[in-house]
Amino acid sequence: MINVTNLRYSYSLAKQISFRDFYIQTGEHWLLLGESGSGKTTLLHLLGGLLTSQEGVIEVNKTNITKLSESSLDHFRGKHFGFVFQKNHLISALTVEKNLLMAPFLSGLKQDDERVTEVLEQLGLSSKRNSKIQELSQGQAQRVAIARAVLNRPSVILADEPTSALDDKSCDKVIGMLLDLASQNKFTLVIATHDKRLKDKFKNQLVLSQNS
Amino acid sequence: MSTISLVWNYLKAKPLTTILNIFLLALGIAVITILLLFSKQLEEKISRNTKGIDLVVGAKGSPLQLILCNIFHVDFPTGNIKLREAEQLSKHRLVKHAIPLALGDSYQNFRIVGTNLSYAELYHAELESGSWWSKDLEVVLGSTTARILKVKPGDSFASAHGLVKDGQAHEENRYVVKGILKPSNSIMDNLILTRVGSVWRVHEEHSEMSKEVPEKGIENPSTLVPSVAEGDSTREITSLLIKYRNPLAVIQLPRYINTQTNMQAASPAFETARLFSIVGVGVDALMGLAYVLIFISALSIFIALYNSLKERKYDLAIIRSMGASRSKLFFITIMEGTTLTLMGSVKGVVLGHVVLYLFTLLVEDSQKAGINALVFYPEEGLLLAGSIMLGIICSLIPAVQAYRTDIHKVLAGN
C-alpha cells in the first residue's frame, strides 16, 4: 500500500532529514513515534502529499506521488487520503453535516446523504447532524473530523496527533472508534504521535529519532 | 455542498459585516439608479415635447422662460404678441407651418391652452372619448388632467387666472368638457385644450372689449385663428410654434425675428441644453456622492475579505487537503467578493426603483412630469455587470493570498 524508499527532505541548505525505507501493507495500523522535531509531521505530510520537493520515492496504491503535478496530487489526495489533525480544523461557518459533505464535494465524488447518516451513526454523532461546530465539545469535534476523513472511504487515513488535545476518556473513545472504523472499512491507518497513551494499542511502530 | 453554498455560509457567519457591505453598496447604486431613471426620462420627455418645434416666437423677455412657458407649460408667458404680426411671420418663406398658442388661464393647476388642431397633431394626440370642440368654450382634456381632475365629457368648470389653483375665477364663462385624449406620454397629457377664441372670450368679458363677430360673417379669415378676419389689429396671442421649411432658416429666421420685429425667437434645442448645463451641476454632485459610497463599500469589502483570510487559513488548508486545487481557493475568494457586490447592486437597483415609485405616489407633480419608476433601462444591466467587476477587483488581492496558502506550514502549526 505505502512504500517509501530513499526519502529525504531539506528544510534548508543546512538542515536535512532522511527517513529510513519502510513498507506498510493494506489494512495495517501504524504508529509514527518520536520526540517533537524528529520529523513525524514532516513524514506524515510527505506521505499525504501536503508537502513536496523531497528526494526519493513514495508509492501509494502503486502510484509514485512524488512524480505527480500539483493539481493531480490535489486530486489524488482527495480520493485516497483522509486526514485527522491535532486540532479538528472544522469549518465553523458550516454545520456538522455540511462539513462532512465538503469531503465528497472537494474531491469530486457524489454527495451521498445516506453515507453521512451511516458515518455519523458509527461515530455516535447522529443527534449532532445539524449542530453548529461551536456547540460541540472537543471530543465530539474530533469525532466529526474523523467522520469527515472517512466519509469518502479513502484507502489511507493519516492522523497527526489526533488525541493529544483530548482528556483520557475522550482519547480512549476517539482512538477506539478510529481503530474500529479502520478494521471495518479495511483502510490503512498511520498515526503520528508522541502521546504515550497510544503505545500499547499498536503493534506496528516506527520510531523516528533526530537524524534518523 | 457547492461553492455557492460554501460562500453563502461564510457570508452568513458574519451577518453584520455582510449587511453593512451590502447596504453601503446598495445605497450608492440606488442613487445612481434614481439619477439614471430621472435624467433618462427627463431627456426622453424633453425630446418628445420639442419634437417638430424648431422655434418658439413670443414677446420679448427671457428666451428660457419663453421655452418653459410655451413648450413645457411650467412658466408664465413673457407677454403677448399681435396676431397680425404673427400672421405675417407665419407666411414667411422659411416657415413650413406655425401653430398659435393663447395662454393665461388654468383650472386646478392645469393650463388651458388656446390653439388649433395642428397643436394636437404635433404630438399625435388622439381622442379617447368624446369629440373635438366645435365652438368657443369647449375643451378637450389631456389624459393625466382628466384622471387627476376626475372629469368626463359633459362636465363644466370655471377657469382661474394665471397658473395657480386659487387664481381669480372667471365665473361668467364656464368651460364645457367635450373630449378626453389618449395618453401620448407628452405634455399633451397635462393640458386643457381649447380654441384661441375661447381664451379671448373669457378675457373680453372682463375688459369689456367689443363683442365677438359671428363666425359666418368673416369673409377673409385669419390663417392662424379662422374665427377672426385676417389682419385684425386688436387681437393678441401668446406665442407661435414654428417648424422650419429648410436648414437655411436655422441661421436666418431667428436673426430676422429678433432684429426686424417686436417679437423674440427662442430655440428649444439651445435653451434646453442651456438648462441642462445648469441642472447638470447638481446631478454631477449627486453622482460624485454615489461614487464615494461605492468606493467606500469596495474598500470595506476588501478589508473584510483580507481580514477573514487570517481566521480562515486553516479552512483554506483543510479544503486543499480534501482535494481542492489552489485555483479553487482563488475562485472561492473571488466568488465571495462578487456575491457581495452583486447582491448589493441588485438590492440597490431595486431600492432605487422603490424609492422613485414611492416618490411618484406621494408627489403629484412627479406624475405630471411623467416620471415612471417601473421602467427598466439597459444601463441598469451595465450597473450589475460593473458590480461583478468591482467584486473581482476588491477580492483579487485576498484571492491571490488564498492561492498562495502553504498548506504544510499551516497544518504543521508553525
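## Basis of the model

The model is predicted, and local features are given only where pLDDT is at least 70, side-chain atom pairs count only at pLDDT 80 or more, and totals for chains, interfaces and linings use all residues. Residues are numbered from 1 along each chain as its sequence is written, while chains are lettered from A and ligands numbered from 1 in the order in which they are written.

## Chain A

Chain A holds six helices and 10 strands, where helices (H or I, at least four residues) and strands (E, at least two) are DSSP runs numbered from the N terminus. Its radius of gyration, taken over C-alpha atoms, is 17 Å, close to the 17 Å that the globule rule gives for 212 residues, so chain A is as compact as a globular protein of that length; the rule is 2.2 Å times the number of residues to the power 0.38. The C-alpha trace of chain A spans about 50 × 35 × 30 Å along its principal axes.

Of the 212 residues in chain A, 45% are buried, a residue being buried if 20 or more other C-beta atoms, placed from the backbone, lie within 10 Å of its own. Two residues are in contact if their C-beta atoms, placed from the backbone, lie within 7 Å, and among contacts in chain A between residues at least 6 apart in sequence, 74% join residues at least 24 apart.

## The sheet in chain B

In chain B, four strands form an open antiparallel sheet in the order β3-β12-β1-β13, with pairing taken to require at least two DSSP bridges between two strands. Its edge strands, β3 (95–101) and β13 (263–266) of chain B, each pair on one side only, and the twist averages 25° from one strand to the next. Six bridges join β3(B) to the antiparallel β12 (residues 239–244) of chain B, and B:Pro100 stands opposite B:Leu240 in β12(B).

Helix α4 (residues 83–90) of chain B lies across β1 (55–59), β3, β12 and β13 of chain B, at about 160° to β3(B). Helix α8 (residues 248–260) of chain B lies across β1, β12 and β13 of chain B, at about 150° to β13(B). These angles run from 0 to 180 degrees between N-to-C directions, with axes fitted to C-alpha atoms, for helices over the stretch in contact.

## Where the chains meet

Contacts link 24 residues of chain A with 19 residues of chain B. On the side of chain A that touches chain B, α1 (40–47), α2 (70–80) and α3 (96–107) of chain A each supply at least two residues, and α3(A) gives the most, with seven residues.

Definitions and conventions: A residue is buried if 20 or more other C-beta atoms lie within 10 Å of its own, exposed if 12 or fewer, and partly exposed in between; C-beta atoms are placed from the backbone.
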